[in-house]
Amino acid sequence: MTTGAVRLRSRWTTWVPPVAVLALALAWGRDLAGVAVALVGLCLIGAVLAAVHHAEVVAHRVGEPIGSLVLAVAVTVIEVGLIVTLMAGGGEKASTYARDTVFAAVMITCNGIVGLSLLVGALRNRVAVFNAEGSGGALATVCTLATMTLVVPAFTTGHSGGEFTGDQLAFAAGASLCLYALFVGVQTVRHRDYFLPVSADGAAESDPDAHAPPPGDRETWLSVGLLLVALVAVVGNAKLVSPAIENGVDSAGLPTAVVGVVIALLVLLPETLAAVRAARRNRMQTSLNLAYGSAIASIGLTIPAIALASIWLQGPLVLGEDATHMVLLALTAVVSALTVVPGRATLLQGGVHLVLFAAFVFLSFSP
């Protein structure tokens, strides 16, 4: 392989966002054939991966736990963009996309990412150690947000079919945003030490970013600019490929909820890799910050954004879950609490979370 090709491949995160925006400009307003959809889909995936990479660069510059917050917000912006674009063109059948995507994000983060990180950390160090105070508070926030926005709508009397009334939706959106802001304040200011990586004896590390030098000003600002470009490309290209995703799900005879699972898996895959890398470096607290922080941002920012978008989006907004998913959510809350409270976990806890994640994926495809 030539030197130029090697250099081009090594700097893919620099040229992929502009290429994805160029593909968006060329394809906008056109009826795309199969090959064109595939190319736009590749640009979409590349833009997602590049966006999270540049968010990681910025996150490393600002340090923990703010770094995990930057990643979570970047992922949530992508998620909201995908949901809104799908809902805008999906009609009546798109009424559950927000619910399905948010619930999938909760299951992926609280069971998939947490379980895989615990498994990797326990395999490498026998026991994965983290801060129970910080992780416990984050988990409580996730459970409260998930119950308030995904369970309560199924039992309200003001509206049928799992929908909030306008006033109820406004309250849920405002409460979600307030809880998210409160969590961010606790994580980054008042109890920042609760969210720092801990050593094997449970003591907080004095220099959590000592594993690698932080990027310079030029690299950081370049990543900020490319992150914005990548986010524009993600939202735009998602709108272009959304009809193909929906048609593929319909053609396969799969439930509509699979669309939400696909969105969440696409958005959270890069963050999963980041959490696993942290677990391999014996930084389990960073992995949990990424997992629970993404779940909190997914609900605390997505629900208000979707509530605002529902003003001009046509069709109902169904948020209430069915009985099967409520059981999975309740079991996830109980198991997660038992995992987090001791501040230490083994292979067993990782395996239990991964089984719960597998059950969610299976039941999504075969309800």
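Okay, let's start with Trp 15, which sits in helix 2. Keep in mind that this is a predicted model. So is Trp 15 buried, partly exposed or exposed? Its relative accessibility is 36%, so Trp 15 counts as partly exposed.

Together with Trp 12, Val 19, Ile 45 and Leu 49, it makes up a nonpolar patch on the surface, and the five share about 390 Å² of accessible area. Two elements each give two or more residues to that patch: helix 2, running 12-27, and helix 3, running 34-62. Which one gives the most? That's helix 2, with three residues.

Now for the aromatic rings. How many aromatic pairs do we get? The count is two. One of them is Phe 103 with Phe 360, an edge-to-face pair with 5.7 Å from centre to centre and 65 degrees between the planes. Phe 103 belongs to helix 5 (residues 97-125) and Phe 360 to helix 13 (residues 347-365), so this pair ties together parts 257 residues apart in sequence. Phe 103 is buried, at 1% relative accessible area, and Phe 360 is buried too, at 2%.

Then there's Phe 183 with Phe 195. The ring centres are 5.8 Å apart and the planes are at 90 degrees, so that's edge-to-face as well. Here the pair ties together parts that are twelve residues apart in sequence, because Phe 183 lies in helix 7 (residues 166-190) and Phe 195 in the loop between helix 7 and helix 8 (217-251). Phe 183 counts as buried at 7% relative accessibility, and Phe 195 counts as buried at 4%.

Definitions and conventions:
Residues numbered from 1 in each chain as written. Predicted model: local features only at pLDDT ≥ 70, side-chain atom pairs only at ≥ 80, totals over all residues. Heavy atoms only, no water. Patch = residues over 30% accessible without salt bridge, like charges linked within 9 Å, V, L, I, M, F, W, Y side chains within 5 Å. Areas by Shrake-Rupley, 256 points an atom, 1.4 Å probe, with all protein chains shown as cover. Salt bridge = Lys/Arg side-chain N within 4 Å of Asp/Glu carboxyl O. Helix = DSSP H or I, 4+ residues; strand = E, 2+ residues; numbered from the N terminus. Buried < 20%, exposed > 50% of the residue type's maximum accessible area, 1.4 Å probe, protein only. Phe/Tyr/Trp six-rings, centres within 6.5 Å; stacked < 30°, edge-to-face > 60°.
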